[in-house]
Amino acid sequence: MFSSFSALSVRKRGAARLAAATLVSGLVAMGVLAGAGAATAEETTQSQGGATATIGGLKTYGAAVIHEDTGDQQVSAGLFEMSVDGGGTLQTYCVDIHHPTQRDAKYQETAWSGTSLGANKDAGKIRWILQNSYPQVNDLAALAAKAGVRGLTEQDAAAGTQVAIWRYSDAAAVDAVDPQAEKLADYLQKSAVDLVEPQASLTLDPPAVSGRPGELLGPVTVHTNAAGVAVTPPADAATSGVRIVGKDGKPLTSAVNGSQIFFDVPEDAADGTAVASSSAGGSAEITVQASTTVPVGRAFASETRSQTQILAGSSESTVSAQAGATWAEKGPIPALSAAKNCAKGGVDIAAANQGDEAFTFELMGTEYSIPAGQSRTVTIPLQEDQAYDFTIKAPGGLEKRFTGILDCRTQGSAGGDATQILSEPSPATVGGTADDTNLAATGGSSATPLIVGVAIALVVIGGAALVLVGKKETPTQQ
């Protein structure tokens, strides 16, 4: 993992760039929420289901040298370890060399489209490297023989694998310090072939449905590599009367891959409490959970700007996913969900209207209308590394709030400069003066007034750039 930053870079670029990024992100959030409505709106992140984990730092690593125009830099390269919420352990490599790793950052299993891998033509080769090297191949003698080297330690194997991945994930000019690790990196890079993106450990598709009380709302289809999943009904099921059933209408407490789940909403259903609602309707949410190994090659992203990771190994781990339903007797009945779209550099808000009237909502001062029985996707362009926080309001009191941060590139948005936070183990700088500046603490500079002005301008530009895309069904989530 690349966790260092040269002293010269810190002095010239670090404070100003981080201050700019922080201020722009904060202003995006404040600008969007101004006039957005009540603070009781349900908050929704763009989780697509799967494993949620906390990064614990590098565990098995060697050394590498990154060659840049400003000089060479020695860094630590190898395997991270993550602790899964609910139980389990993950091993990952970095696929985001020019961003920092935040200590104890929370990560969510993510589709490639929500990360820099979505636009990387070599992402499939990275998956091949993962499947054909350490730790998936733990016979180091056999791996060394394939690479044509005398022998490999675990540290050499981890460093060589990380170096090969960086060459494809970040197009980095990087070499392993140890000769054996370097030969392994060369072998992996030259041998890699394209593989398809692995399926998620667990997702629900679509993540939101809607309809009228007295009907079965759905279906929501389970996609998982687990043998089975447990289905948890809405927390307020006893008062709302909502049942979770299969396509045969019978109550459902467990499901398997391909199962269809429905919300059975009685005609006199009480208002749901999971989402702000009015007497005109209600809403509810289910959770499904399982224990399984997460497929090698799944991406893991953080909402704290901590560098993106890719899965190299998984123990039996807890995975989960959620889906929601909204109902009303008449008028517009929207189902809302969101997903990051790195190819477009923004967030897609999918809105499906199963009502008998157009669903009209306001976002960032602009009004949109979804005809009855149709779906639309609103794409919200954002600046790289910007936080967003906005609320969609609809007739009848519905409010849904979406929050997150756009992290789609492997290089910083200002000329590709690296901004790294020192973390264990601290790498040494090659051919330069060491600097112990922790970039996490540098948030201001004498340029702050100018940065604020630029940030406000960016917010205005971003707020005016909402696009309503043509009719389509809610996209399938991986």
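Biologist: Which residues in H4 do Lys 125, Ile 126, Ile 129 and Leu 130 in H2 meet?

Modeller: Quick caveat: this is a predicted model, where local features need pLDDT of at least 70, side-chain atom pairs count only at pLDDT 80 or more, and totals for chains, interfaces and linings use all residues. Residues are numbered from 1 along each chain as its sequence is written, and side-chain values use heavy atoms, with hydrogens and water left out. Helices are DSSP runs of H or I with at least four residues, strands are E runs of at least two, both numbered from the N terminus, and contact means heavy atoms within 4.5 Å. On the H4 side, those H2 residues meet Thr 161, Ala 164, Ile 165, Tyr 168 and Ser 169.

Biologist: Are H2 and H4 roughly parallel or roughly antiparallel?

Modeller: Take lines fitted to C-alpha atoms over the stretch in contact, with angles from 0 to 180 degrees between N-to-C directions. H2 (residues 123-131) and H4 (residues 154-169) have axes 9 Å apart, at an angle of about 170°. Angles over 145 degrees count as roughly antiparallel and those under 35 as roughly parallel, so H2 and H4 are roughly antiparallel.

Biologist: Which residues touch the most other members of the largest nonpolar core?

Modeller: A nonpolar core is a set of buried Ala, Val, Leu, Ile, Met, Phe, Trp, Tyr and Cys residues joined through side-chain atoms within 4.5 Å. Buried means under 20% relative accessible area, exposed over 50%, and partly exposed in between, with a 1.4 Å probe and protein chains only. The largest core has 83 residues, and those touching the most other members are Tyr 93, Trp 166, Ile 261 and Phe 263.

Biologist: Arg 305 has a positive phi; is Arg 305 buried or exposed?

Modeller: Most residues other than glycine have a negative phi. Phi of Arg 305 is near 65°, and Arg 305 sits in the loop between E15 (299-302) and E16 (309-314). Its relative accessible area is 17%, so Arg 305 is buried.

Biologist: And Ala 171, buried or exposed?

Modeller: Ala 171 has a positive phi too, about 50°, and lies in the loop between H4 and E6 (174-176). With 67% relative accessibility, Ala 171 is exposed.

Methods:
Angles under 35 degrees count as roughly parallel, over 145 as roughly antiparallel, 65 to 115 as roughly perpendicular and the rest as oblique.
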